[in-house]
Amino acid sequence: MRETMTMLDTLAAKIKSAHECAVAAANKSFRHAKEAGLGLLEAKSQLQHGEFLPFCRNLGIAPRTAQIYMTVAKSADRAPFKSIAQFLTEVKKAKRQAHRDARDTERAGTILHAAPHEQYRIHHADCREFDWPHDLDAIFTDPPWADLDAYRWLADFAADHLRDGGLLMVQVGNAEIGNVVPILTSKLNYVWTCAIMYYEGKPIMGRFLGLVRPVLMLSKGSWDRDGLACGTDAITVHDNSNVKNLHEWQQPVEPWLQWISAWTRPGALIADPFAGSGTMAEAVMMAGGNRRLLGTEIDADHSRVAQGRVIKAEEKKAA
Ligand SMILES: C[S@@+](CC[C@H](N)C(=O)[O-])C[C@H]1O[C@@H](n2cnc3c(N)ncnc32)[C@H](O)[C@@H]1O
């Protein structure tokens with residue numbers, strides 16, 4: 001008994017010392033992160049536009065890490081951590097804030113390019129009040145998933161404004177799909193379920209490791225698919241690191257680019273009433289073939305981001 005007590009005492013002393021070292025190291029790590037961040041902020045203020053990322057890479061610091069260091073540097077001074085749990089919470093908060101800071105910077109840079117575009121037009125407008133033409137070849141869109149009224153409006157809109165045989169491709173949340181399908185099929189013909197597949201899953205509602213984002217395909221009357229290519233229904237996104245750099249609900253371009261290229265004809269007029277950061281506009285521009293995009297976005301800043309984005313993407317494509 002006595003021997004066990006001595007053993008436990010020794011173990012307890014070891015654990016206590018290791019714990020104190022871990023907490024001290026966490027505090028030291030945070031101080032170093034802050035120091036690195038202050039240096040990076042200083043360097044950034046001295047470098048020309050476009051020089052900062054190469055500067056970080058030369059130092060062997062990934063842009064995301066640099067952003068976290070700078071976010072830590074900008075945060076208010078805090079009392080030392082008393083536990084590892086406190087440290088981990090602070091790191092998580094800094095990571096989230098760094099992502100928001102990076103997005104704000106990217107949005108501000110994109111807005112600088114904003115201007116109306118003749119072929120890929122995104123209006124700052126409420127889609128329900130916009131004067132839409134009645135000869136749309138297709139609608140490719142992504143409404144706010146939880147807003148069933150938006151899907152009700154979309155069903156009426158597609159039935160009124162698509163030409164006969166026109167196509168609606170619409171993103172739907174997994175949790176809402178059971179409610180959305182009856183809304184859309186009350187006005188349109190169901191064609192197929194497509195999906196964006198993520199290579200790396202992320203936990204959703206603590207219940208699923210989510211890899212699939214459904215996209216429903218419907219048509220006004222029977223789908224006019226004469227001369228259209230055979231398209232792939234599920235498209236995997238291998239690198240989603242850049243996917244939400246402009247909008248909290250931003251979608252990857254690649255799947256939409258493939259679907260637009262396969263399932264619309266050159267010269268097609270395509271609508272996106274819920275344009276967000278302009279993913280569909282970029283996809284239509286990338287698909288080329290003189291296709292046109294007409295979009296609305298209710299938020300003024302998002303609409304300017306979308307306008308700027310399409311102009312930047314077009315310049316990049318031309319370069
Ligand atoms: C899910 S997000 C679209 C994100 C987009 N797919 C992207 O990749 O950036 C839906 C967008 O619809 C916009 N929206 C919501 N109601 C709207 C309305 N009545 N008229 C126009 N836009 C609306 C929201 O502001 C939001 O930006």
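At what angle do the axes of helix H7 and helix H8 cross, and within what distance do they come? This is a predicted model, in which local features need pLDDT of at least 70 and side-chain atom pairs count only at pLDDT 80 or more, while totals for chains, interfaces and linings use all residues. Residues are numbered from 1 along each chain as its sequence is written.

H7 spans residues 253–263 and H8 residues 279–287, helices being DSSP runs of H or I with at least four residues, numbered from the N terminus. Their axes come within 8 Å and cross at roughly 50°; axes are lines fitted to C-alpha atoms over the stretch in contact, with angles running from 0 to 180 degrees between N-to-C directions. The pair is therefore oblique, the class left once angles under 35 degrees (roughly parallel), over 145 (roughly antiparallel) and 65 to 115 (roughly perpendicular) are set aside.

On the H7 side, Val 253, Trp 256, Leu 257, Ile 260 and Ser 261 do the touching, and among their H8 partners are Thr 279, Met 280 and Glu 282 (contact: C-beta atoms, placed from the backbone, within 7 Å).

Thr 279 turns up again at the ligand, as one of the closest residues along with Asp 142, Phe 274, Gly 276 and Ser 277. In total, 20 residues surround the ligand, each with its C-beta atom, placed from the backbone, within 6 Å of it.

As for the overall layout, the domain assignment gives domain 1 (2–111) and domain 2 (120–318), with bounds from an automatic or database assignment. Their centres, taken over C-alpha atoms, sit 38 Å apart. Across the boundary, 6 residues of domain 1 contact 7 of domain 2.

Conventions. Helices (H or I, at least four residues) and strands (E, at least two) are DSSP runs, numbered from the N terminus. Two residues are in contact if their C-beta atoms, placed from the backbone, lie within 7 Å.
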